[in-house]
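Please look through the following points with the model open beside you.

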Amino acid sequence: MHQRISLLALFSTADAPHFGSRRFLQALRFVVTSAPALLQGKGSRDFGFKVVCPGPDFAMLAKAVLSLGLWLQFAAGQNTPERGPQPSTSNSEGDLLFLLDSSGSVSYYEFSRVKEFMWDLVQPFTFGPRDVQTSIIHISTTPTMEFPFDRYLSSGTLQQAIRNTQQLMGDTNTGKALSYAKEKFFSDEAGARPDVPKVLVWVTDGFSTDDISEPMQLLKDMGVTVFIVSTGRGNYLELSAAASQPPEKHLHFVDVDDLPIITKELRDAILDVIQANRLHAVDITSSSFRLMWPKLLSQETGYYTLEYAPLDDLARKRTKQVSGAHTSLMLSNLAPETTYEVALIPESNVHYFPPQTTRVTTLPEETSPAQVLISESGPYSFHVSWAPTLDSVIGYQILYGPLPGNSVKLLEVDGEHNSTVVENLAPNTTYLVTVTAVYKSGKEKSLSAKACTQEEGSKVRHLRFEDMGPNTLKASWDSADGKVLGYRVRCRRQTGPSSVISVSPQIRSVVLTDLASGTTNKVCVKPMYKNQPGKRLCRMVHMQPDAQGYKHRQRA
């Protein structure tokens, strides 16, 4: 049996542009299929270490990691995916909904690439009232359904419908779109079916203007399997909580240009849900899993009996009964790393249905902290967060001190919280941060990370624009404080590709071209320092139609 190796590095959210490309982050998190021999002899430790702030030798490290990623793909036989027709996939039945970021935070180029990805993902499926049905909901100021589930029931018509999908712009109200999706997923008017698996694929650039946690949890509680593809710099802790469990299977971080890399893996994971016409388990954790099965009975015709027990101790069998209207059930309070024998027995007063059985293995017991994230770094403070939060932890100790040096300070946080702000720090300094979980049993587990404070006043001031003629603007700014090594100017065009311009510290203006009339474009300027980038300053620039000039407004 093949096993999976996952390489993950955590960095300050302000650092990604300093690396040159999000492909580096993707390479670090690249998951490969490898022979079991690669995993032999791999033990585990209670103390881990993850670098979150690059040092002087980072360029060499980046090249090494990228090379390692390519070697792992080659060793596993995972070459760059080929585009074109894929083998047809039948015997699948489910309602597949794409939650598509159609807001103004996404460029025209990125929107087009995501549409290509959507079609590549569903191309092999068979569409029809007894097969797969697909729909799209736009994330914008007001959520909109592009077409109902049952409108396009052939590959040709669906492909054309996806190509014709237009970006709506507006705000990124993802929470509102999720609530809207909950209504449509179970609506006859939207063409949804009541007795088939439900799958949500959310493609996001990582930005949302409203809360997503509550509406997303409601969807999952109703049996929807949630996959998330982040093409931007989304919050890993937030998105891993939003996706179905485990996140390694349901959450992907990838550059928009590299979406084809994850297409097959994501399609196979979706097929695990919609191809399972028998009893199967989803949302598997260390202590629970959700059982799902096809609809065989109704409220009037019978009920289901579920029996489950550890495979090595079948005498500990437990039994649950649910009405014939149910097609799923969550089993909890299970032992970690244990294989369970599960039987579904339909009890019908009309027809005989044979029992269905399956075996499900729970995940290893969760430990905390498993991830430490440094964010919101400033000259005198930064934010530390960790995951997961467990009932077995009574509190956390956060030790931090400058590197090099022997000065260490302590913060204590209760076990119900998973973040804190470290304050009263020195500017432009590297700190070692260690988060230690103290368990009720007395056991402790620690995880460390490096974090860097920014230089004092490390933000560009007074970003302004000057009309230079048709489709052209001059962006100017005042210098940032400290020893600036240069400035990086990013222009996200509403239509056309994004661009990045790097200039020397003496230059404080650039000319931006190809800004189409009537479009809204985002311009950001960020100072670059030796250890890390400074804070960016962004403005939204609207190009008025014809010769009316432009107007701009600030956006964080």
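Where in the chain is the place of M169?

1. M169 sits in the loop between α5 (155–163) and α6 (174–185). Keep in mind that this is a predicted model. The phi angle of M169 is near 70 degrees, a positive value although the residue is not a glycine. Most residues other than glycine have a negative phi. With a relative accessible area of 17%, M169 is buried, because buried means under 20%.

2. N428 also has a positive phi, about 55 degrees, and is not a glycine. This residue is found in the loop between β21 (419–422) and β22 (430–439). Its relative accessibility is 36%, so N428 counts as partly exposed.

3. Most peptide bonds are trans. A cis peptide bond joins Q245 and P246, with omega at about -5 degrees. P246 belongs to the loop between α8 (236–242) and α9 (247–250).

4. L403 and P404 are likewise joined by a cis peptide bond, and omega is about -10 degrees there. P404 is placed in the loop between β19 (393–402) and β20 (409–414).

5. The model has one disulfide. Its partners are C524 and C538, whose sulfur atoms lie 2.0 Å apart. The pair links distant parts of the chain, 14 residues apart: C524 is in strand β29 (residues 520–528) and C538 in strand β30 (residues 537–543). The link is right-handed, with 110 degrees about the S-S bond. Both cysteines, C524 and C538, are buried.

6. C491 takes part in no disulfide; the nearest cysteine sulfur belongs to C524 and is 9.2 Å away. C491 has 1% relative accessibility and therefore counts as buried.

Conventions: Residues numbered from 1 in each chain as written. Predicted model: local features only at pLDDT ≥ 70, side-chain atom pairs only at ≥ 80, totals over all residues. Heavy atoms only, no water. Disulfide = S-S within 2.5 Å. Helix = DSSP H or I, 4+ residues; strand = E, 2+ residues; numbered from the N terminus. Buried < 20%, exposed > 50% of the residue type's maximum accessible area, 1.4 Å probe, protein only.
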